[in-house]
Amino acid sequence: MKYIIVDLEATCWATKDKNNTNEIIEIGAICINSDKETESEFSEFIKPTLYPVLSDFCTKLTSITQKDIETADTFEKVIERFKAWIPVSEDYLLCSWGFYDKSQFISDCNLHHTDATWVSKHISLKHQHTDIKKLNRPVGMSGALKMDGIALQGIHHRGIDDARNISKLFLKYFDHWKFKTT
């Protein structure tokens, strides 16, 4: 089994507007095998199509620059490389901190008319962490790291750095996760 710890960054704005559709601008992922070994990493930017100019809010939040996405490939090309990296023909499970990443993958696949069935093999570590720690409500990734005495490393809200940090929590509780998909 390959456990794909994934974190996405997407276009965003300071205020919520129903007319603005978020698009993935970064996929960060770590592949961990059943022996709890990190096999490889995946990190790519994606050029958004609906709103090709990042908001100042988005750049400040993620540290992803306009130049980063302007030189990136489109979603269709990056998602094919990502699926080949997994690879989806093998036994794998997408693991993210919450359900946002699953929903955003599906949204972008629909937007770009690409198959999204591969996203169904997914679990929310955030919600399972809530049960494991017997918390009243889920906490964000940085809060979970702090709660567990793990230092946040890298830049928060950068896909690859967040995937690395989530991987630390994933490995700490490896024997407690329920690997049944929802």
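Biologist: Quick one to start: what do the side chains of Glu39 and Lys2 meet in?

Modeller: They meet in a salt bridge, at 2.7 Å from N to O. The two partners come from distant parts of the chain: Glu39 sits in strand E3 (residues 38–45) and Lys2 in strand E1 (residues 2–10), 37 residues apart. A salt bridge here means a side-chain nitrogen of Lys or Arg within 4 Å of a carboxyl oxygen of Asp or Glu. The helices (H or I, at least four residues) and strands (E, at least two) are DSSP runs, numbered from the N terminus.

Biologist: And what should I know about the model itself?

Modeller: It's a predicted model, where local features need pLDDT of at least 70 and side-chain atom pairs count only at pLDDT 80 or more, while totals for chains, interfaces and linings use all residues. Residues are numbered from 1 along each chain as its sequence is written, and side-chain values use heavy atoms, with hydrogens and water left out.

Biologist: Back to that pair. Is Lys2 buried or exposed?

Modeller: Lys2 counts as buried, at 18% relative accessibility. Glu39 is partly exposed, with a relative accessible area of 39%. The cut-offs: buried is under 20% relative accessible area, exposed is over 50%, and partly exposed is in between (1.4 Å probe, protein chains only).

Biologist: Why would side chains like that pair up at all?

Modeller: Side chains of opposite charge can pair when their charged atoms come close.

Biologist: How many salt bridges does a search of the whole structure find?

Modeller: Ten. Another one of them joins Lys83 and Glu80, at 3.5 Å from N to O. Both of those residues lie in helix H3 (residues 75–85), three residues apart, which is about one turn of the helix. Lys83 is buried at 13% relative accessible area, whereas Glu80 is partly exposed at 42%.

Biologist: What is Lys83 in contact with, leaving aside its neighbours within four places in sequence?

Modeller: Val88, Asp115 and Trp118. Contact means heavy atoms within 4.5 Å.

Biologist: Which residue does Arg164 form a salt bridge with?

Modeller: Asp161, and their closest N and O atoms are 3.0 Å apart. Both are in helix H7 (residues 159–172), three residues apart, again about one turn of the helix. Arg164 is partly exposed at 36% relative accessibility, and Asp161 is buried at 13%. Salt bridges with shared partners also bring in Glu41, joining Glu41, Asp161 and Arg164 into one network.

Biologist: New topic, the sheet. What order do the strands come in?

Modeller: It's an open sheet of five strands, in the order E3-E2-E1-E4-E5, with mixed pairing. E3 and E5 are at the edges with a single partner strand each, so one side of each has no neighbour in the sheet. Two strands pair if DSSP finds at least two bridges between them. Neighbouring strands are turned by 20 degrees against each other on average, direction ignored.

Biologist: How many bridges join E2 to E3?

Modeller: Seven, and these two strands run antiparallel. As an example, Ile27 has Glu44 in E3 as its bridge partner.

Biologist: What does H4 touch when it packs on the sheet?

Modeller: H4 touches E1, E2, E4 and E5, and its direction makes about 70 degrees with that of E1. H7 packs on the sheet too, touching E1, E2, E3 and E4, with its direction at about 30 degrees to that of E2. For these angles, axes are lines fitted to C-alpha atoms, for helices over the stretch in contact, and angles run from 0 to 180 degrees between N-to-C directions.

Biologist: Which residues in H4 are buried?

Modeller: Asp101, Lys102, Gln104, Phe105, Asp108 and Cys109. Seen down the axis of H4, the buried residues fall within an arc of 165 degrees, so they line one face of the helix. That arc is taken from the directions from the helix axis to the C-beta atoms. Just after H4, His113 takes a positive phi of about 55 degrees.

Biologist: And H7, how many of its 14 residues are buried?

Modeller: Ten, so H7 is mostly covered. Among the buried ones are Ile160, Ile166, Leu169 and Phe170. The buried residues of H7 pack against E1, E2, E3, E4, helix H5 (125–132) and helix H6 (141–147).
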